Amino acid sequence: MQPTVNLDVNQTSLHNYSANNKNNHPKNSISDVNSIEGTVSDQVFASSLTALELDLIYAIDRNEFELYYQPKVDAKKSLIIGAEALIRWNHPTLGLILPNDFIPLAEKIGFLNKIGKWVKKTACAQNKAWQDAGLLAIPVSVNLSASRFMEKDLASSIKEILEETQLEAQYLEIEITETSILKNEEIVFSLLDELKNIGIKIALDDFGTGYSSLSNLHHFNGKIDILKIDRSFIQDLSIAKQEDANFIVHMILQLSNHLQMDVVAEGVETLEQLKVLQNYNCNTVQGYLYSKPLPATQFVELLKKQRIEPIC
Ligand code: G
Ligand code: MN
């Protein structure tokens, strides 16, 4: 049985990692970890999984997931005003695996719900711990995949996590992609209302990449608080050549201003990009120019300083 995913890791170690490795898993494993929802026979189910998928099932119990945090910055004041929590998988033999390489697998084996809950709970508990330690109080955002919208318990599960971790709702933000919204508008709308009632802010992630985005945006008036301009537009910003990207970003900023939505420019990597954004009055940015996503132990050092300058 060969893993079928294209992993951005050492391929040799991946191929050496045969399905026989599952003998290393604890006995009665699948029932024990209680991770798979549904009534499929454990054995049949287990034998249909790749080695990597099996590993995924154990990753939470083995403490292999980790959240990294990337600051959102007020570039005018050089202040950290938020953070995005991003999941990473520290695989015991394959090393660091990025979400694009395992979230689709998790979705396939019905494990996304569980990972989603782990992410929210960990981000909320971490944020609360930072606040309790007297550090800067900032909202931390988590990413929600399209399929999570189809699950009925989402709002109540978020409420539960907030209660459990004692984090105030204003310090949790949810990032959703516009494509996921366009797919199931009705369900999404009622969910957005529920989340709004809890007091959570909603950001539209990768904005500009879905086709009908601009014309549809006014439908989300009052439902979406923040637009995150996709990094593909930011990458093309230029002072010398006022090309399409400048125009599109300027237009998104004007529109969001009109709709009273805040804007975050994501993937800002250069001072030139920052300059163009600031010329258009966009001061909230996220990207390598300030910081890569960092493990909690390193992010806390940024939080202590509160201020952050571009890395030049
Ligand atoms: O889709 P979303 O915006 O949630 O994706 C966040 C991803 O973008 C993370 O994996 C993060 O590592 C990556 N990222 C963050 N800042 C930058 C940046 O400045 N440039 C690029 N190329 N990627 C970035
Ligand atoms: Mn995001």
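Q: What share of the contacts in the chain with a separation of 6 or more comes from residues 24 or more positions apart?
A: In this predicted model, such residues account for 69% of those contacts. The chain holds 14 helices and 10 strands, and buried residues make up 36% of its 312 residues.

Q: Why is S78 called partly exposed?
A: S78 has 13 C-beta neighbours inside 10 Å. A buried residue needs 20 or more, and an exposed one has 12 or fewer. The value for S78 falls in between, so S78 counts as partly exposed. This residue is found in the loop between β1 and β2.

Q: Where does Q306 lie, and what is its phi?
A: Q306 follows α14, and its phi is near 70°, a positive value in a residue other than glycine.

Q: Why is Q306 called partly exposed?
A: Q306 has 14 C-beta neighbours inside 10 Å.

Q: Which residues of helix α14 are buried?
A: In helix α14 (residues 296-305), the buried residues are F299, L302 and L303.

Q: What do the buried residues of α14 pack against?
A: They pack against β1 (65-74), β2, α6 (112-132) and β10 (294-295).

Q: Why is E66 called partly exposed?
A: E66, which lies in strand β1, has 14 other C-beta atoms within 10 Å.

Q: Which residues is E66 in contact with, leaving aside its neighbours within four places in sequence?
A: E66 is in contact with R88, N90 and P295. As for W118, it is 52 residues apart from E66 along the chain, and the C-alpha atoms of the two are separated by 9.9 Å.

Q: Which members of the largest nonpolar core touch the most other members?
A: Of the 59 residues in this core, they are A85, I202, L227, I229, A265 and V285. Strand β2 (residues 79-91) gives the most to the core, with five residues. In soluble globular proteins, nonpolar side chains tend to be buried together.

Q: What is V285 in contact with, leaving aside its neighbours within four places in sequence?
A: The contacts of V285 are V73, A75, V264, A265, V268, L274 and L277.

Q: How many residues form the second, separate core?
A: The second core has 16 residues, including Y58, A59, L105 and F111.

Q: What makes a residue part of the shell around ligand 1, and which are the closest?
A: A residue counts when its C-beta atom lies within 6 Å of the ligand. In total, 13 residues surround ligand 1, and the closest are G267, E269, G287, Y288 and P293.

Q: How is the shell around ligand 1 divided by class?
A: The shell has four nonpolar, four polar and five charged residues.

Key. Residues numbered from 1 in each chain as written. Chains lettered and ligands numbered in written order. Predicted model: local features only at pLDDT ≥ 70, side-chain atom pairs only at ≥ 80, totals over all residues. Nonpolar A, V, L, I, M, F, W, Y, C, P; charged D, E, K, R; others polar. Core = buried A, V, L, I, M, F, W, Y, C linked by C-beta atoms within 7 Å. Helix = DSSP H or I, 4+ residues; strand = E, 2+ residues; numbered from the N terminus. Contact = placed C-beta atoms within 7 Å.
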